[in-house]
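Keep the view open as you read, and take the points in any order you like.

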Amino acid sequence: LELANDDENISNCSLTPEEDEEVFQQTLKAIEADRLQITRKPASTTLKTSKNEQIECTKNGIQLIDIFPSEIAVALQLLSQYLPYDDISVAMAFITGAAGMIKLGTKVEGNIATRFQVPINFYTAIVAQSGRKKTPLQKIFVREPARKVLLEVASINNNNFQNWQEICRGKSKDEKPPQPVVIDVRISDYTGEALVIALRRLDELGLALLIERDEINGLFNSLNMYKGGKGADEQQLLELYDGGAYRSLRQSDSTRGFQRSAVNIFGAVQPDILFSLIATGDASGKWARFIFVPLPDKTVRLPGKLSDQANAEIDQ
């Protein structure tokens, strides 16, 4: 997959039906070969830390080193080595959190011949029973990597509000300019109208958004709650999956809308609750948009004491 920006020119590429079928068959053979290799024997990878120490990882399936540069893979491995997570759950939590901080307009080019491009956004749901440490996974790999970014955004919002107060000092209500729109890159609750305003501001700044909930079902239960269940908040959220534009033509406000968007969702759900949510089907395609990541059912023995060197590596 190639990363492509809206502003980049992508050369056209055309294949004959015979060439396209040949490429398709070769791809299938490559995927099947990789699948058989993974299922027949465990993968073993040695990760090197910044101090040239080695961490031996022998696991079935996809590993962190298969997805990330070695420096990031080592960091994620160190943070998760005493927690009951597998590499897939760690990777998806970190990727979803990171997707909420990329430049708006960045896309994945799935097929250059058909100009198939999609925004980099994820609707991710961690699936695990209560007590399986869903919250620590969210805190360590989704929230903590964004801590400095969120502090910077909070500082910008504070400065904008103070500047607005200075401008309004001594002016009447009619003379005051509109209060600046708060920049939100991480939210847990919202109304449909407020989300449009927030995304319009993020469109201007070229920023993405992450909707983060401890329990993902709480997000959908809260939609349309201020409209007696008769609004279109859920449909709005589903349409945002494709990163498209939104324009509202209303007499009271003709400027509402945005041209681009990148909305991500991260949360957790218990298996029984998930079963009840999907038991009636998925006519709207809501759950088809989600990546469900089950946490492994395992216990990890904690060390009695970490060495100073291990603590230094984790802090780094």
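1. Let us begin with a pair of helices. H3 and H4 cross in a right-handed manner. Their contact is made up of 4 nonpolar, 2 polar and 1 charged residues. Please bear in mind throughout that this is a predicted model.

2. Two values describe how this pair sits together. Helix H3 covers residues 70–80 and helix H4 residues 87–99, and they pack at an angle of about 115° with their axes 11 Å apart. To see the contact itself, pick out Ile 72, Leu 76, Gln 77 and Ser 80 in H3, which meet Asp 87, Val 90 and Phe 94 in H4.

3. Now step back to the whole chain. Its secondary structure comes to 11 helices and 12 strands. The chain has 316 residues, of which 35% count as buried. Among contacts with a separation of 6 or more, 68% are between residues 24 or more positions apart. The accessible surface comes to about 19,400 Å², and carbon and sulfur atoms hold 52% of that.

4. Which strands are joined to E6 by bridges? One is strand E11 (residues 263–269), which is parallel to E6 and linked to it by 5 bridges. Strand E12 (residues 290–294) also runs parallel to E6, again with 5 bridges.

5. Is strand E6 enclosed or open to the outside? In E6 (residues 123–127), 5 of the 5 residues are buried, so the strand is largely enclosed by the rest of the structure. You can check this by looking along both faces: Tyr 123, Ala 125 and Val 127 point one way, Thr 124 and Ile 126 point the other way, and all are buried.

6. On to another pairing in the sheet. Strand E8 (residues 209–215) runs parallel to E11, and 5 bridges join the two. As one example, Ile 211 has Ile 265 as its bridge partner in E11.

7. Asn 217 has 16% relative accessibility, and because buried means under 20%, it counts as buried. Leaving aside residues up to four places away in sequence, Asn 217 touches Ile 273 and Leu 277.

8. Finally, a point about the backbone. Most residues other than glycine have a negative phi. What is the phi of Arg 115 near? The value is near 55°, which is positive in a residue other than glycine. Arg 115 is found in the loop between strand E4 (106–111) and strand E5 (116–119). With a relative accessible area of 43%, Arg 115 is partly exposed.

Methods
Residues are numbered from 1 along each chain as its sequence is written. This is a predicted model: local features need pLDDT of at least 70, side-chain atom pairs count only at pLDDT 80 or more; totals for chains, interfaces and linings use all residues. Side-chain values use heavy atoms; hydrogens and water are left out. Buried means under 20% relative accessible area, exposed over 50%, partly exposed in between (1.4 Å probe, protein chains only). Helices (H or I, at least four residues) and strands (E, at least two) are DSSP runs, numbered from the N terminus. Two strands pair if DSSP finds at least two bridges between them. Axes are lines fitted to C-alpha atoms, for helices over the stretch in contact, and angles run from 0 to 180 degrees between N-to-C directions. A crossing is left-handed if the near helix is turned anticlockwise from the far one by less than a right angle, and right-handed if clockwise. Contact means heavy atoms within 4.5 Å. Ala, Val, Leu, Ile, Met, Phe, Trp, Tyr, Cys and Pro count as nonpolar, Asp, Glu, Lys and Arg as charged, and the others, Gly among them, as polar. Accessible areas come from the Shrake-Rupley method with a 1.4 Å probe; for residues, only the protein chains shown count as cover.
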